[in-house]
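Subject: Structure handover and notes

Hello,

Here is the structure I said I would pass on.

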Amino acid sequence: MSMEAKFFRFLKVVGVGFKARTEAEGRQLFLKLGYSHEVEFSVPPAVRVFCFKPNIICCTGIDKERVHQFAGAVRSCKPPEVYKGKGIMYIDEVVKKKQGKKSK
């Protein structure tokens with residue numbers, strides 16, 4: 001099976017116990033994000049997903065639009081949070097951290 005991979009989007013999963021794994025040759029993506037259930041994604045046909053490490057997700061495919069759309073959908077289920085920087089972010093994304101409440 002030769003699928004020309006042209007576009008890549010790397011996602012980074014940040015947080016204690018947060019993990020990603022793929023099944024069915026990159027057709028399904030499972031995320032552990034601290035919810036009581038695993039979040040499951042069915043990967044669209046034009047997109048392939050790989051996990052090199054449990055915290056790095058690589059979305060790849062020939063259709064830039066679809067790759068980015070899927071990566072966006074994955075990110076949106078746990079967008080990075082501004083206080084601790086936990087969540088799913090693009091690998092080149094910089095999360096501006098906010099100052100927590102100052103204790104007097």
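The notes below cover strand pairing, one arginine and the salt bridges.

This is a predicted model, in which local features need pLDDT of at least 70 and side-chain atom pairs count only at pLDDT 80 or more, while totals for chains, interfaces and linings use all residues. Residues are numbered from 1 along each chain as its sequence is written, and side-chain values use heavy atoms, with hydrogens and water left out.

Strands. Helices (H or I, at least four residues) and strands (E, at least two) are DSSP runs, numbered from the N terminus; two strands pair if DSSP finds at least two bridges between them. Strand β1 (residues 7-14) is antiparallel to β6 (residues 56-61), with six bridges. β1 also runs antiparallel to β7 (residues 87-90), through four bridges. K12 has M89 of β7 as its bridge partner, and R9 has C59 of β6.

The UniProt annotation "domain: Large ribosomal subunit protein uL6 alpha-beta", from an unreviewed entry, covers residues 16-90; such annotations may be inferred rather than shown by experiment, and the positions follow the numbering used here, with feature names shortened. That span is 17% helix and 41% strand, and its end C-alpha atoms are 18 Å apart.

R9. This residue of β1 is buried (under 20% relative accessible area; exposed is over 50%, partly exposed in between; 1.4 Å probe, protein chains only). R9 has no salt bridge, and the nearest side chain of opposite charge, D92, is 4.0 Å away. Lys and Arg count as positive, Asp and Glu as negative; His and the chain ends are not counted. The R9 side chain does make a polar contact of 3.4 Å with that of H68 (N or O atoms within 3.5 Å, one able to donate a hydrogen and the other to accept it; residues adjacent in sequence count only if both atoms are side-chain atoms). Beyond four places in sequence, the residues in contact with R9 (heavy atoms within 4.5 Å) include I57, V67, A71 and Y90.

Salt bridges. There are five (a side-chain nitrogen of Lys or Arg within 4 Å of a carboxyl oxygen of Asp or Glu). In one of them, R21 and E38 have their closest N and O atoms 2.9 Å apart. R21 lies in β2 and E38 in the loop between β3 and β4, so this pair ties together parts 17 residues apart in sequence. E38 also forms a salt bridge with K32, at 3.4 Å. R21, E23, K32 and E38 are linked in a network of salt bridges.

E93 pairs with R75 at 2.7 Å. E93 is in the segment after β7 and R75 in helix α1 (residues 64-76), so parts 18 residues apart in sequence are tied together.

Regards
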